[in-house]
Structures are given as C-alpha cells and as structure tokens.
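Please keep the sequence and the coordinates in view while reading.

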Amino acid sequence: MLVSQNPLVIVFYILDWVLWAYLWIVVARTLLSWVRPNPYNPLVRIICRLVDPVTYRISRVIPTRAGMVDFSPFILVIAIWFLQELLLRAIRSFTVTIG
C-alpha cells in the first residue's frame, strides 16, 4: 500500500520514523545521564554525539537548568512531538488533496 502512494507521502513517513528513532535516542541519553555509564563505550559515545549538540543549543537559547536538573531534553522531546504532529497534518492534507 505504501509503495503505491505518492513519493512525497513516503518521504513524510520516513521523516516520521526518523523523528521517532531520534526521540528514543533522546530518552536513552536522558536515562544514561542518570546512570553515569562508561564514557568510552562506543554506543554511549554515539548517543551523546547525536543528542548533546542539540540540547546544548537549546540550553544556550533558553535557560533550562533548575538546580541540578536540565530540562533541555524535555524541550527537545516536545519539539520532536510538535514536528511529528506537523508531519502528520501535512500527510493528511496532502493525501486529501491528491485524491
């Protein structure tokens, strides 16, 4: 069914999947910050390299620290959910206009 649709709709679905995967990477990074894993573990390094630059930029724009708690991953999760909702609405409106 998905292959027979418009290629732009398929791109929207792929972007939605990538955003969900990134959301879970952000959740994993948040959980890792509570545990203090080995920083030389390759998986930990990949997760940190994917999430830390984005949360750092959020922290520079918006003050996200409250004591020892950093709310930038929470803000990032909300932004991802917002983008996914925009994608979902774009998919719905695009498929309605196509036919």
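Throughout this account, contact means heavy atoms within 4.5 Å. The model is a predicted one, in which local features need pLDDT of at least 70 and side-chain atom pairs count only at pLDDT 80 or more, while totals for chains, interfaces and linings use all residues. Residues are numbered from 1 along each chain as its sequence is written, and side-chain values use heavy atoms, with hydrogens and water left out.

Helices (H or I, at least four residues) and strands (E, at least two) are DSSP runs, numbered from the N terminus. Helix α1 covers residues 7–35, 29 residues in total. From its first C-alpha to its last, α1 reaches 42 Å, close to the expected 42 Å; the expected span is 1.5 Å times one less than the number of residues. Burial is judged by relative accessible area: buried means under 20%, exposed over 50%, and partly exposed in between (1.4 Å probe, protein chains only). By this criterion, Val9, Phe12, Leu19, Tyr22, Leu23, Val26 and Leu32 of α1 are buried.

What follows α1? Arginine 36 does, with a positive phi. Arginine 36 is found in the loop between α1 and α2, and its phi is near 65°, a positive value in a residue other than glycine. Most residues other than glycine have a negative phi. With a relative accessible area of 74%, arginine 36 is exposed.

The discussion now turns to the interior. A nonpolar core is a set of buried Ala, Val, Leu, Ile, Met, Phe, Trp, Tyr and Cys residues joined through side-chain atoms within 4.5 Å. The largest such core has 13 residues, and Tyr22, Val26, Leu76 and Ile80 have the most contacts inside it. Two or more residues are given to this core by each of α1, α2 (42–61) and α3 (72–98). Of these elements, α1 gives the most, with 6 residues. Leucine 76, leaving aside neighbours within four places in sequence, is in contact with Tyr22, Val26, Val54, Thr55 and Ile58.

How are α1 and α2 oriented to each other? Their axes come within 9 Å and cross at roughly 105°; axes are lines fitted to C-alpha atoms, for helices over the stretch in contact, and angles run from 0 to 180 degrees between N-to-C directions. Angles under 35 degrees count as roughly parallel, over 145 as roughly antiparallel, 65 to 115 as roughly perpendicular and the rest as oblique. The two helices are therefore roughly perpendicular to each other. On the α1 side the contact is made by Tyr22, Ile25, Val26, Ala28, Arg29 and Leu32, and on the α2 side by Val44, Ile47, Cys48, Leu50, Val51, Asp52 and Val54.

Isoleucine 47 has its place in helix α2 and is buried, at 12% relative accessible area. Not counting residues up to four places away in sequence, isoleucine 47 touches Ile25, Ala28, Arg29 and Leu32. Isoleucine 47 and alanine 28 are 19 residues apart in sequence, with 7.7 Å from C-alpha to C-alpha.

Two threonines complete the account. Threonine 55 lies in helix α2 and counts as buried at 9% relative accessibility; beyond four places in sequence, threonine 55 touches Ser72, Pro73 and Leu76. Threonine 64 lies in the loop between α2 and β1 (65–66), and at 5% relative accessibility threonine 64 counts as buried. With residues up to four places away in sequence not counted, threonine 64 touches Ile58, Ser59, Val69, Asp70, Phe71, Ser72 and Ile75.
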